[in-house]
Amino acid sequence: MTAPVADRIPTVEKGEPLLSVRDLKVTFTQPRSKKTSVVVDGFNLDITPGSSVAVVGESGSGKTVSMRALMGVLPDTATVTGSAVYEGKELIGMPENKLRRVRGAGIGMVFQNAMSALNPTRTLKVQLTEHLKWHGITNRAEATRRAIEALDRVGIPNPDTRIKMYPFQLSGGQRQRAMIAMAIVAGPKLLIADEPTTALDVTVQRQVLDLLKDLRRNEGLALAMITHDLGVAKYMCDDVVVMRYGEIVEAKSMQGLLDGAEHPYSNQLLDAAIDVVVPDLTNIADISSDAAPADEVPETELDESQMLVTATDLEKIFRGRGGEVRAVTDVDISIARGETVGVVGESGSGKSTLARLLTRLIEPTEGDVSFDGADVLGLKSAGLKAWRRRVQMVFQNPYSSLLPHLTVVDNVLEPLRVHQVGTKEEQYHRALDLLSLVGIPEDRAENYPRQFSGGQQQRIAIARALSLEPELLVCDEPTSALDVSIQAQVLDLLEDLQERLNLSMLFITHNLAVAQRLSDRIIVMANGTIMESAPTDDLFGSPQHEYTQSLLSAILPIRHDPATVDEEAGPPRASIDGELTEVRPGHWVRVYQD
Amino acid sequence: MLGYMARRLVRMVLSLVAVSLITFVLLQMVPGSFSELSNAGSTIYGDVGMVDGGEAAVNQGDQRPAWQQYLSFMKGLVTWDMGPTYKYPQASVEELIGEAFPVSLTLAIPATLLTLVIAIPIGMLAAVKKDKLADYGSLFTLTTIQALPGYLFALLLVLIFSVGLNVLPVRGWKGPEYMIIPVIALAVQPTAVLARYVRSSMLEALRDEYVVAALAKGGTQRTVLIRHVLRNSMIPLVTVVGPIFAGLATGTVFVEVLLGIPGLGRLFSSAARQRDMPLLMGATMFFAIILMVMNLLVDIAYGLLDPRIRLEQSGNKGSRRAKRPGQPKVSTGMSTDSTETVVAIGGTRV
């Protein structure tokens with residue numbers, strides 16, 4: 001740190017700060033070894049009433065710890081020094097009984113995952129009213145009335161009946177809203193939101209962020225928002241603080257950061273973030289209405305021999321005690337040699353099931369899969385094993401998909417061992433080559449998976465998938481567990497490998513921006529079936545399906561404006577009836593008759 | 001809820017049949033029968049000579065084909081009329097069990113209560129003071145106690161209070177003062193088990209984010225601990241307390257034999273030594289029934305304490321997400337991810 005402290009404080013002259021933090025330092029002491037580690041050092045922050053600051057950084061940068069330190073809710077092993085003045089009162093070192101008055105009543109907190117931040121065995125009523133009584137704000141009857149009103153303010157329908165429910169009875173978005181209601185019901189002036197939308201689907205994320213914006217506007221709440229997503233930070237906040245390794249590397253206005261970040265790390269974050277140009281959704285030519293029905297369109301299908309994988313009429317029904325779940329319905333998909341197909345959808349859209357059907361990790365209820373012109377579903381023992389060599393997979397969570405008891409080189413040569421490719425010596429050297437291909441140095445080959453970072457683990461998993469020189473690589477959310485700068489590295493690696501090895505790739509993701517980066521063609525799925533399928537440029541240039549448009553409008557770009565959303569409009573129509581129709585060569589849309 | 005209970009009852013009956021079959025077959029395979037032992041007269045197993053009329057019982061009993069013995073026993077069980085035992089022809093099986101069970105029960109109830117009263121505060125203290133002296137100390141003591149056999153404490157208590165201080169009777173079953181040593185002796189080990197369980201269950205609940213959320217709302221440590229942590233961490237304890245009580249109520253052989261208490265444990269051990277088949281089968285089935293009833297009560301209690309389980313039991317939607325919270329996570333050694341990975345590589349699933 002070279003710049004003096006005062007220079008790094010956001011220079012906002014908006015009157016007396018509501019909260020002013022200086023030289024905050026948090027040290028953790030290990031109870032057994034007494035080893036200490038400094039997690040946050042020299043943290044400064046000013047928040048004026050009604051303003052908004054984003055605290056941006058990657059995992060382990062100390063964003064959450066610094067915020068929890070202000071509130072005094074860190075475990076006993078943490079030592080907090082420095083100063084944090086809220087409305088003229090020093091919070092650090094304040095006796096517990098006084099600090100409690102600030103928590104909840106003065107500063108409210110919103111967490112990343114409402115499922116764990118709400119007590120599963122208590123009703124919303126208990127959890128929304130208990131602190132009103134703790135703080136002596138109201139009596140019992142009045143507290144319930146206030147809680148219902150808070151639920152109403154955060155947009156939960158029928159709040160007077162919902163308040164009697166348990167958290168698990170609400171949908172993910174509603175749970176998050178209920179948690180926000182819990183944070184604001186006691187009337188705080190500052191809201192600390194810790195990645196409040198990271199666990200949500202993109203379309204729900206936009207709704208919850210808009211809710212937080214409304215609360216700021218209507219109630220004059222100040223907001224300190226922890227996020228790893230610069231798009232979210234830009235959408236929500238005026239000022240930004242960039243953290244790394246527990247220190248602030250840059251603090252300025254959001255626009256100032258975008259116009260000219262000074263610190264190399266800020267620039268690195270900005271570069272790593274994948275930006276998207278969202279089309280003007282209010283002005284999209286509807287080409288579906290004048291399209292001829294599918295059977296009259298001249299066949300534009302590629303030559304069958306070019307197709308590596310073709311699946312037709314795929315259907316998967318999971319049967320369990322709760323009845324049937326149609327995970328995948330009526331899906332046709334084909335991937336040409338050397339082509340990358342992105343499959344995009346929200347949770348529950350059936351995209352992962354599709355990946356598992358194509359790799360025969362699960363068997364379809366209906367439909368056919370053929371690979372290189374030959375049937376896949378009929379394959380047995382030896383034939384199946386030989387086919388598996390040609391199709392490999394990369395999973396979302398690299399740590400749990402690597403075998404923890406094997407060194408990384410053994411992990412990478414495991415497929416070679418299973419298929420008895422080459423001698424032991426050759427297998428070992430091939431594995432080392434692959435590791436160096438994905439940037440893992442030879443001297444670390446004998447380390448175990450847990451000794452690597454998340455990004456390195458995913459690169460090792462990719463090396464393993466490549467060891468058999470597959471023709472098709474299926475990646476199921478390979479970057480969604482990774483930090484942004486590492487995500488960029490992994491995507492670069494995949495892109496590079498795909499070109500060099502002429503792989504076909506099926507790339508499953510919930511993130512349209514990631515899909516755009518890699519895919520030649522994108523398939524949008526919802527409710528277990530295809531809503532729209534088009535070459536990437538077509539899809540982004542002229543999205544036809546209502547659902548695709550809603551996904552696109554949920555994107556929060558960094559350097560451009562997000563799409564305007566009609567807040568009165570209901571959820572997009574994504575029903576599975578209707579006919580998948582080719583509206584332009586290669587651009588298929590589900591068209592509804594009425 | 002009614003449908004759930006009906007399903008449970010059917011399953012209970014099926015398991016009881018299975019238990020009876022397995023027990024009966026195993027007992028048939030054990031060398032030696034009541035007749036052989038009684039013909040041999042006094043043996044190292046004690047005097048197995050018959051009281052008057054024993055001859056008749058034997059003739060109807062273990063000389064018959066095995067399947068006949070089994071069927072007549074099952075008939076007796078269903079009608080709760082299991083007939084005379086071999087050893088005591090004047091007394092029926094159900095009478096003997098009926099006499100011994102209340103004795104075991106009068107020990108089991110105070111012993112279980114004692115366990116709860118001591119184990120929960122110790123476990124809580126250890127959890128809240130994790131990695132402090134109180135935690136280390138209690139954990140060390142509990143682990144040591146758990147590793148020692150239960151009857152050792154009975155002997156120790158007898159040595160101190162009966163032999164040394166001469167304030168309590170050594171053995172027998174004649175009045176309330178005879179209960180003190182066995183109740184304490186019975187409670188020692190379950191206390192150690194339960195306290196360790198309370199500790200880990202509390203620690204798990206303390207790690208949950210709703211604890212931070214409740215603190216951030218302005219709750220005191222104490223309020224949050226009682227309103228959120230304690231309640232949630234007690235839910236999984238029900239599953240441990242149920243079997244502990246069932247185990248004590250069906251008698252503990254060592255303590256009962258050692259202290260001369262006419263409970264189920266002693267009854268069972270003498271029946272086993274003498275190969276008294278009707279009594280052995282009767283006692284085993286009785287144990288099985290008690291255990292299953294306890295498990296049923298545990299599940300009902302679970303539903304009352306945890307809304308997620310309650311809604312699942314009543315067949316409500318949202319049950320797919322229901323999971324017993326705080327249950328120690330069972331590791332299958334391999335996550336599904338790595339299993340799928342191995343299959344995707346080309347390995348076989350097994």
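Reader: Which residue in β22(A) is the bridge partner of Glu532(A)?
Author: Val589(A) is the partner there. Strands here are DSSP runs of E with at least two residues, helices are runs of H or I with at least four, and both are numbered from the N terminus.

Reader: Before I go on, where do the numbering and the cut-offs come from?
Author: Residues count from 1 along each chain as its sequence is written, and chains are lettered from A and ligands numbered from 1 in the order in which they are written. This is a predicted model, where local features need pLDDT of at least 70, side-chain atom pairs count only at pLDDT 80 or more, and totals for chains, interfaces and linings use all residues; side-chain values use heavy atoms, with hydrogens and water left out.

Reader: Ok, back to the strands. How many bridges join β20(A) to β22(A)?
Author: Two, and the strands run antiparallel. Strands pair if DSSP finds at least two bridges between them.

Reader: And what about β19(A) with β20(A), parallel or antiparallel?
Author: Antiparallel, over six bridges. One of the links is Val524(A) with Glu532(A).

Reader: What sits between those two strands?
Author: Two residues, making a hairpin of β19(A) and β20(A). Asn527(A), in that turn, has a positive phi of about 50°.

Reader: Why is β20(A) largely enclosed?
Author: Six of its seven residues (529–535) are buried, so the rest of the structure largely encloses the strand. Buried means under 20% relative accessible area, exposed is over 50%, and partly exposed falls in between, using a 1.4 Å probe and protein chains only.

Reader: Which residue does Arg521(A) meet?
Author: Glu339(A), at 2.9 Å from N to O. The two are 182 residues apart, with Glu339(A) in the loop between β12 and β13 and Arg521(A) in β19 of chain A. Both Glu339(A) and Arg521(A) are buried.

Reader: What about Arg360(A), buried or exposed?
Author: Arg360(A) counts as buried because its relative accessibility is 10%. Its salt-bridge partner is Glu363(A), with the closest N and O atoms 3.0 Å apart. At 37%, Glu363(A) counts as partly exposed.

Reader: And in chain B, which residue does Asp306(B) form a salt bridge with?
Author: Arg308(B), at 3.3 Å between the closest N and O atoms. Asp306(B) and Arg308(B) are both buried.

Definitions and conventions
A salt bridge is a side-chain nitrogen of Lys or Arg within 4 Å of a carboxyl oxygen of Asp or Glu.
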